[in-house]
Amino acid sequence: VFEKLHLVNPEVEAEQILMSPNSFIKLQTNRDRVASLSYRVLDGPDKVPVVQIDERGFLNSGSLVGSSTIEVISQESFGINQTIIAAVKVYPISYLRISMSPILHTPNKEALLALPLGVTLTFTVHFHDNSGDTFHSHNSVLNFATNRDDFVQIGKGATNNTFVIRTVNVGLTLLKVWDAEQSGIADYVALPVQHAIFPE
């Protein structure tokens with residue numbers, strides 16, 4: 001009995017990886033460090049591949065948009081070979097979306113109308129193509145700005161697509177997040193801050 005080969009990074013449902021031009025991602029499988037892995041692009045001689053992959057699983061997209069197919073082969077020490085075929089789509093980013101964690105609710109499960117004073121939240125930026133699919137890899141450089149700096153404090157998060165906000169005073173702040181690499185890719189979010197705990 002052995003584990004079936006599958007990708008763990010990126011986690012893909014239909015074996016399609018979505019990348020923006022000039023980006024890269026390190027492919028990881030559930031058989032890394034257990035089996036011998038090999039990678040290659042399967043596009044025929046009459047088709048120009050839009051990606052390249054090296055022997056360590058680093059997948060790179062160039063400036064061309066389009067699709068390519070990659071093959072990942074796992075050679076097990078007990079003689080079994082397993083293969084994954086995955087489509088790689090290289091496409092420009094159409095828009096970005098911001099999500100917040102943790103999601104805040106009142107005791108009766110209603111959504112809060114404002115951010116509570118004194119809370120620290122993580123905002124994550126997701127990039128999408130024109131059909132709404134989320135990118136697994138992108139070359140975006142995120143910038144953010146607020147219209148005032150006395151109600152919230154904002155800083156970079158642990159990864160390129162996250163930032164951390166701490167609410168410090170009651171009031172309304174407008175947040176702009178944009179991609180410095182591509183003009184027109186931006187989002188605006190209102191950040192109202194209110195007291196969430198009151199004496200009875």
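Which residue forms a salt bridge with Lys89, and how far apart are the closest N and O atoms? Select Lys89 together with Asp129: these two residues form the salt bridge, and their closest N and O atoms are 3.2 Å apart. The term salt bridge stands here for a side-chain nitrogen of Lys or Arg within 4 Å of a carboxyl oxygen of Asp or Glu.

Before going further, note that this is a predicted model, in which local features need pLDDT of at least 70 and side-chain atom pairs count only at pLDDT 80 or more, while totals for chains, interfaces and linings use all residues. Residues are numbered from 1 along each chain as its sequence is written, and side-chain values use heavy atoms, with hydrogens and water left out.

**The two domains**

Colour residues 7-90 as domain 1 and residues 95-194 as domain 2, bounds that come from an automatic or database domain assignment. The centres of domain 1 and domain 2, taken over C-alpha atoms, are separated by 32 Å. Across the boundary, 14 residues of domain 1 are in contact with nine residues of domain 2, where contact means heavy atoms within 4.5 Å. Domain 1 and domain 2 bury about 800 Å² between them, 52% of it on carbon and sulfur atoms; buried area is the accessible area (1.4 Å probe) that two parts lose on being put together, summed over both. Leu18, Ser20 and Lys89 supply 55% of the area that domain 1 buries against domain 2, more than any other three residues. The count of salt bridges between domain 1 and domain 2 is one.

Now select Ser20, which lies in the loop between β2 (16-19) and β3 (24-26); strands (E, at least two residues) are DSSP runs numbered from the N terminus, as are helices (H or I, at least four residues). Ser20 is buried, with a relative accessible area of 1%, on a scale where buried means under 20%, exposed over 50% and partly exposed in between (1.4 Å probe, protein chains only). Leaving out residues up to four places away in sequence, Ser20 touches Ser61, Val90, Tyr91, Ile93, Phe135, Ser137, His138 and Asn139.

**An open sheet**

Move to the open sheet of four strands, which has the order β10-β12-β15-β14 with antiparallel pairing; two strands pair if DSSP finds at least two bridges between them. Why is one side of β10 and of β14 left without a neighbour in the sheet? β10 (95-101) and β14 (152-156) stand at the edges and each has a single partner strand, so one side of each has no neighbour there. Neighbouring strands of this sheet are turned by 25° against each other on average, direction ignored, with axes being lines fitted to C-alpha atoms (for helices over the stretch in contact) and angles running from 0 to 180 degrees between N-to-C directions. Next select β12 (residues 120-128) and β15 (residues 162-167), which pair in the antiparallel sense over five bridges, and find Leu121 standing opposite Ile165 in β15.

**A hairpin and its neighbours**

Show β16 and β17, a hairpin with six residues between its strands, and pick Gly184 in the turn, where phi is positive at about 90°. Eight bridges join the antiparallel strands β16 and β17, and Thr173 has Leu191 in β17 as its bridge partner. β17 (residues 186-194) also pairs with β11 (residues 115-116), in the parallel sense and over two bridges; there, Leu115 has Val193 as its bridge partner.

Lys176 is the next selection, in strand β16 (residues 171-179), and this residue is partly exposed, with a relative accessible area of 29%. Its C-alpha atom is separated by 5.5 Å from that of Phe144, 32 residues apart along the chain. Not counting residues up to four places away in sequence, Lys176 touches Asn143, Phe144, Ala145, Ala186, Asp187 and Tyr188.

**Backbone details in the loops**

Most residues other than glycine have a negative phi, and most peptide bonds are trans. Select Asn9 and Pro10, which are joined by a cis peptide bond with omega of about 0°; Pro10 is in the loop between β1 (7-9) and β2. A cis peptide bond also joins Ser101 and Pro102, with omega of about -5°, and Pro102 is in the loop between β10 and β11.

Asn22, in the loop between β2 and β3, has a positive phi near 60° and counts as partly exposed at 47% relative accessibility. Lys109, in the loop between β10 and β11, has a positive phi of about 65° although it is not a glycine, and counts as exposed at 69% relative accessibility.
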